[in-house]
Amino acid sequence: DFLCISLVNGFIQLRYNLGDRTVILQTLQKVQANGNTWHSLTAGRVGNEGYLELDGINVTQKASPGMNALDAHTDFFVGGVSSLNFVNPMAIENEPTGFTGCIREIVINNRELNLTVTDSKGGANIGDCDGTDCGYTVCKNNGTCQVENSGFSCSCPREWTGTMCEQSIHCSQNMCGSHALCIPQPSSLSYTCACALGWTGKYCDKKIEFFIAKFVGNSYIKYTDPFYGKRDLQYSRLSLNFTTNQTEGLIAWMGKSEDEDNDFLAIGLANGTLKVVINLGERISVPLMHSKYFTCSDGRWHFITVVQNQTCVKVYLDEELILFEDIDPQRKYTALNYGGICYFGGFEIGRKVHIVTTGLFQKALIGKIKDVVLFQDSKKIQLMKAEGYNIHDGNSGN
C-alpha cells in the first residue's frame, strides 16, 4: 500500500493504492516553476475516494467498490526518500527523483508537522528556505513579517497585538488571575476566563475542592495514570458514575489522542444512546451501542463499567450487563496501549471533540462525573489532582 504526492511534468499528481488498484489524480493546472510563487495543496482520501486540490481548484475521484484502508508501515517522507528503492514503481509516473524547492506548513490529519531539525526523525541536504528571521509562522494570526536590522517586526491585523500578534486585543487588558487562561470573545468584543482545576469565579480567583466534577461543555480533565508501567494492558477496566440531561457528550477517553493510530477506549452519548468504542491497534472497532438505554440523558446518576479482556468487551450499565462482544476473534491486537492518559468530559481548550474523535462523538460533556476507578484499583482517582480547565464543584444539588 502507498500514498504518494509528486510533481510530474509540471502538474501535481496524487497516487494511492490500498491493496487492489492504483488510483491516479492529476491537477488541472500546472505549478508555477519560477521559484517565488507559493502554492496551496490539499490531498487525501476518504475510504477509497480521493481528492486533490491545488490553489482551490479541486479534482475528485469517485469511490468504487474495493479496499478502503491504507496499511503503510513505513516512515513518512517529505521531499524525497532515504532510498529510492522504497518507492513503489506504481507510485510515480517517471523515474523517482527528490524534490527541488520549498515546502512548508504540512498538516496531516489536522496535526501540523514541525519541519525542524529536532522534530523530524531524520533527513539530509535540507536548508532554510526563507533565509531570514521571518520564516512563515513567526507572526501569528495572519500577521505580516518585516525583516529589520535587529531581526523582525510583525504588523498585526486589528484583532491582534503583541510582538508576534499572539495576543487578542480583547485579552490585552484582561483581569484573569494567575490560575486562568484568557479566552477572547470577538463577537462581544470581550473575553472570558478559563479556570484551571481547583479554581472558579469570573476571574478564577476563588479556590474550590470537589469530589464530583461538573462539566459545562468547554471543560476537561486530563489524568495521567501513575501506575501505567505496571498495568496488564490485555485486561483493562474503567468504571465511573455520570449524570447528564444532554443527548450528546464525551464522558471518558482512555488514550493519548495524539493521532488516529493511538489505541483508545471511549465512552460517551450519541443521540441519547450510550456508545462505547475501543481501538486496540490499526482499526477502530464498530462502535458498540445500546439503543434500549435512551434514559441515559435523564439527569439521573448512572454507573458504567467497561471491561476489556483481550478482544472481548463487556459493558455494564447500572450493574446490568448490556453489551458483550468479541471485537476481533482473530486476536491480532489484544492490548489497550493507552499511554497512561485518560480524558474526562472533553479535550484541551481549542481541541474540538468531533475533530479529535473523528466524528465518533460530537460534543464535550455537560454533566457530572464521580467515583472514577481504573483497573482493579482499591482507590478512586483523585480528579482534583489532575490537569484541567473549567471544572466546577458538582457536590451541590446532589
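## Exercises on domain contacts and pairings

The centres of domain 2 and domain 3, taken over C-alpha atoms, lie 27 Å apart. The model is predicted.

**Exercise 1.** Locate the three domains of the chain in the domain assignment.

Solution. Domain 1 covers 2-112. Domain 2 covers 180-208. Domain 3 covers 213-393.

**Exercise 2.** Describe the interface of domain 2 and domain 3: how many residues are in contact, and what area is buried?

Solution. Start with the contacts. Eleven residues of domain 2 touch twelve residues of domain 3. Here contact means heavy atoms within 4.5 Å. Next, the area. About 830 Å² is buried between domain 2 and domain 3. Carbon and sulfur atoms give 66% of that area. Then count the polar links. Two residue pairs are in polar contact across the interface. Salt bridges between domain 2 and domain 3 number zero.

**Exercise 3.** Work out which strands supply the side of domain 2 that touches domain 3, and which residue classes occur there.

Solution. Take the strands. β13, β14 and β15 (199-200) each supply at least two residues to that side of domain 2. β14 gives the most, with three residues. Now sort the residues on this side of domain 2. Nine are nonpolar, two are polar and none is charged.

**Exercise 4.** Trace the hairpin of β13 and β14: how do the strands run, and how many residues lie between them?

Solution. β13 spans residues 180-185 and β14 spans residues 190-195. The two strands run antiparallel, joined by six bridges. Four residues lie between the strands. In this hairpin, L189 takes a positive phi near 50°.

**Exercise 5.** Find the salt-bridge partner of R15, and explain which parts the pair ties together.

Solution. The rule finds nine salt bridges. One of them joins R15 to E93. Their closest N and O atoms are 3.7 Å apart. The cut-off is 4 Å, so the pair counts.

Notes
Residues numbered from 1 in each chain as written. Predicted model: local features only at pLDDT ≥ 70, side-chain atom pairs only at ≥ 80, totals over all residues. Heavy atoms only, no water. Pairing = 2+ DSSP bridges. Domains from an automatic or database assignment. Buried area = accessible area lost by both parts, 1.4 Å probe. Salt bridge = Lys/Arg side-chain N within 4 Å of Asp/Glu carboxyl O. Polar contact = N/O pair within 3.5 Å; in protein donor to acceptor, adjacent residues only side chain to side chain. Nonpolar A, V, L, I, M, F, W, Y, C, P; charged D, E, K, R; others polar.
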